[in-house]
Amino acid sequence: MLRRLLYVLVLAAGLRADPIDNLIAFTRLLGYVRYFHPSDQAAAADWEKFAIEAVPVVETARTPAELAEALENRFRPVAPSVRVYRTGQRPSWAAPAPKPHVIAWRHFGVGGGEGPPSIYSSRRVSSLGTSAQGFGNVMQSIDATPLRGKRVRFRAAVRAEGQAQLWLRVDRKGRAMGFFDNMQDRPIRSAEWEEYAIEGPVAEDAESIYFGMMLIGEGKAWLDAVELSPAVVNPDFEAGLGGWLVAGDGYTAVPTRDRPRRGRQSVELRSVKPLLPDPAQPYEADLGAGVSALVPLALYSDVAPLAPSPSRPVAPSLLSRPARLAAVALAWNVFQHFYPYFDVVGTNWPSALRRALQSASTDPDELAFLATLRRLVAELQDGHGNVFHPSEPAPFVPSIVWSWIENQLVVTVGGSGLQRGDIVGQVNRRPAAAALAERELYISGATPQWKRYHAVRVLLAGPQDSELTVEVAGRGSVTLRRTVPLNEMREPRPDKVAELRPGITYVDLDRVNDQEFNAALPRLEASKGIVFDLRGYPRVTPATIAHLLDQAVTCAQWHIPVVLYPDRRNMTFNFSNWPVQPKAPRLRGKVAFLTDGRAISYAETYLGIIEHYKLAAIVGEPTAGTNGNVNPFTLPGGYRVSWTGMKVLKHDGSAHHGVGIQPTVRVSRTVRGVREGRDEVLEAAIKLVE
């Protein structure tokens, strides 16, 4: 306490800088050097250890001059050419002598995350080569079921400046490889259009057939006039790249009208020579706290860069104060440079950093720091955003379910002395609406409905056998004990596959798997009406959609950020999407999908296709408004952070984030409906498909 009082008095007298301002300056420089300064030392650095050790040194700097000296001394071992100085006193900068290679970082999203093999990557590239690694690919896939036991023939026109190869692969059950041919023994090098074909058997247990064109190493190749039975999405590229997936770091594909083989367009796949920053023009950044920095974003070198060291797993441990502050700095920089939605969420991200550092500096334990990190991630307004830690107790709830209906907290599954339809006015002596709003400060979400859905769950949950007190209209105060695991309490629904009325079949995509869905296909084919429940997260592949199609369709637009500069400057995007092919039997009955604010990510991929191609009615309320592959990472202390690493747009290029999928028939629950035991959304869908 005395130390804190002395600090406040000294700070008020103007004798030293604010440690939080110093930490903000350090945080900014940490991101610039870690992700954009391409020295060998920076690429191999243990950044967690570096940040933790730097915090106490940076905090104690009393003036901008001391802070500049402390920062430059700390970063010199990993970034010898970085200069830190008092703002307004820019040092002279001597351009380095040119060498054969210009080296810089190129981020495809951002690499170094955790989990299964990722679509995201970060690596240093050279101006002498392309940023290409191995080969690029433009590809597509179809369902193999109609071709089982038959032969498949893939035919296409190709011309190349370099080496191209068509390829065809049959995947069997369990992803075992069946037939495969990639023309390795007969590569394509002709600059003139010629037609090539691959033919092979389709195994009796085949599930998928993949095909496309590869470009090996540097160069260009063109593809057109694709033929493969039973169907190819956009075979002549008249619809651009719709339906085709472009893969390969360092490659790009673009539709072109230059000498197409058939129709108006072909597609050009080419290796990309990176347009790297200039080594003679360092990045100048005002770090705050009266200091600025010059950070070279590119360096000259005699040799090509080596691959960076693999990321080190961070072992869970008790967190010191420097480790908490370092963790905030490390996390903030990931989002500062790579989060793709700051243009739509309108967050004051610099203010979020200050608030998180202030909170982390005094957090008394691991759970308090978990709340600090969750508050930081909540500022992203990202439905995938969350933070997890092993110290958090498993969540339990009383034997009830409640939901926010007609602006009231309503019990929807009775138990523990409460009845269905009871109105909860207070929770632990706080008005229900205020208690939910407090919880929402720590929940990341792109839409109010996603945040409210989670806040309702979090408000009810707590450690096993803990208690909460509620005030219930007409009943007074009731004490509830949390005895049931959170995920075991849910509102009742019909069986996973059920005939609700004669000829009307219900399928809960939140519970049914592919095997169960396939077993139900004869019933669905005979149904005059089908209701698919997507008030949750689907467990099935897009095969459901395939049975609603007469022709191939594509999913929405995926855009992975391509980043060479800090602070998201000059951020570009790599586009892709994937096709869904028609699959027998075609379901001819009327179809409706149920949805609400719980539906997120994969569920919205499903519904985005339904929405764009108008394949069925969508009944209920808007979805969560968050889609795209997550890119998790771990911080010191074992805190695991989840977030969305790519931008997803609707088919027409409009925003999905914060918008979601809109119902064609909007239906909201009512307190009366809950008390009567009715599923009003399901009832509305049944009327539509009857």
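Colleague: Why does Thr 644 count as buried?

Modeller: Its relative accessibility is 0%, and buried means under 20% relative accessible area, with over 50% being exposed and anything in between partly exposed (1.4 Å probe, protein chains only). So Thr 644 counts as buried. Mind you, this is a predicted model, where local features need pLDDT of at least 70 and side-chain atom pairs 80 or more, while totals for chains, interfaces and linings use all residues. Residues are numbered from 1 along each chain as its sequence is written, and side-chain values use heavy atoms, without hydrogens or water.

Colleague: Where is Thr 644, and what does it touch?

Modeller: Thr 644 is in the loop between β34 (639-642) and β35 (647-649); strands are DSSP runs of E, at least two residues, and helices are runs of H or I, at least four, numbered from the N terminus.

Colleague: What makes the link between the side chains of Thr 644 and Asp 382 a polar contact?

Modeller: The distance is 2.7 Å, and the cut-off for a pair of N or O atoms is 3.5 Å, with one able to donate a hydrogen and the other to accept it (residues adjacent in sequence count only if both atoms are side-chain atoms). The side chain of His 384 also makes a polar contact with that of Thr 644, at 2.7 Å.

Colleague: How do you know whether Ser 39 is buried or exposed?

Modeller: Ser 39 has 5% relative accessibility, so it counts as buried. You'll find Ser 39 in the loop between α2 and α3 (40-44), with its side chain reaching the backbone nitrogen of Ala 42 at 3.0 Å.

Colleague: Now the helices. How do α8 and α9 run relative to each other, and why?

Modeller: The axes of α8 (residues 349-360) and α9 (residues 366-378) come within 9 Å and cross at roughly 175 degrees. Angles under 35 degrees count as roughly parallel, over 145 as roughly antiparallel, 65 to 115 as roughly perpendicular, and the rest as oblique. So α8 and α9 are roughly antiparallel.

Colleague: Why are α2 and α6 called oblique?

Modeller: The axes of α2 (residues 19-36) and α6 (residues 321-338) also come within 9 Å, but cross at roughly 55 degrees. Therefore α2 and α6 are oblique to each other.

Notes:
Axes are lines fitted to C-alpha atoms, for helices over the stretch in contact, and angles run from 0 to 180 degrees between N-to-C directions.
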